[in-house]
Amino acid sequence: MRIFFILLILTSAFLHAKKETAYEKGRSLYFANGCANCHGTNGEGSSYYPKLANKKQKFLIKKLQNFKNGIANTQKQEIMFTFAKALTQEDIKNITTYLTNYKVEKSDKYDVAEDLLGVDY
Ligand code: HEC
């Protein structure tokens, strides 16, 4: 009987140990590396910082590789050197997978009104 319970616990632990997807890893990296501070929490960009969400992965990878190698087309882009250099090839793959496939998720959307005013919806 005891072995049955041990097996049950092991099986459920195994089933619940969900592997993090590239998308999820990319999202964590996007926030941990400060990308969101300039490019927006939804990768939406602003008038000064380019939008990244849903751009082609090949384009994003190329840009990040260039920045990582110290290649920029304009002086404005040089700000990206430090941020791109901090990324490994694996990070670039995960971050761009996240950005290219970006979908709005209501639950983790930062709501200023709710945070500052404690507004309950
Ligand atoms: C301090 C602000 C800042 C931070 C932080 C930052 N970026 Fe940027 N990023 C920029 C600027 C400025 C540009 C160049 C805009 C231009 O070309 O006019 C840029 C350009 C880019 C581009 C090229 C987009 C395009 O359409 O040309 C990519 C891709 C990019 N950043 C990804 C990232 C990632 C990934 C991170 C986090 C690791 C990050 N950025 C962090 C400011 C920032």
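A crossing of two helices is left-handed if the near helix is turned anticlockwise from the far one by less than a right angle, and right-handed if clockwise. The model is predicted, so local features need pLDDT of at least 70 and side-chain atom pairs count only at pLDDT 80 or more, while totals for chains, interfaces and linings use all residues. Residues are numbered from 1 along each chain as its sequence is written, and side-chain values use heavy atoms, with hydrogens and water left out.

The chain has seven helices and zero strands, where helices (H or I, at least four residues) and strands (E, at least two) are DSSP runs numbered from the N terminus. Of its 121 residues, 26% count as buried, meaning under 20% relative accessible area with a 1.4 Å probe, protein chains only.

Helix 4 (residues 57-68) and helix 6 (residues 89-100) cross right-handed. Their axes, lines fitted to C-alpha atoms over the stretch in contact, come within 9 Å and cross at roughly 145 degrees, on a scale from 0 to 180 degrees between N-to-C directions. In this contact (heavy atoms within 4.5 Å), residues of helix 4 including L60, I61 and L64 meet residues of helix 6 including I92, T96 and L99.

Leaving aside neighbours within four places in sequence, I95 touches G26, L29, Y30, C35 and L87.

Note on methods:
Buried < 20%, exposed > 50% of the residue type's maximum accessible area, 1.4 Å probe, protein only.
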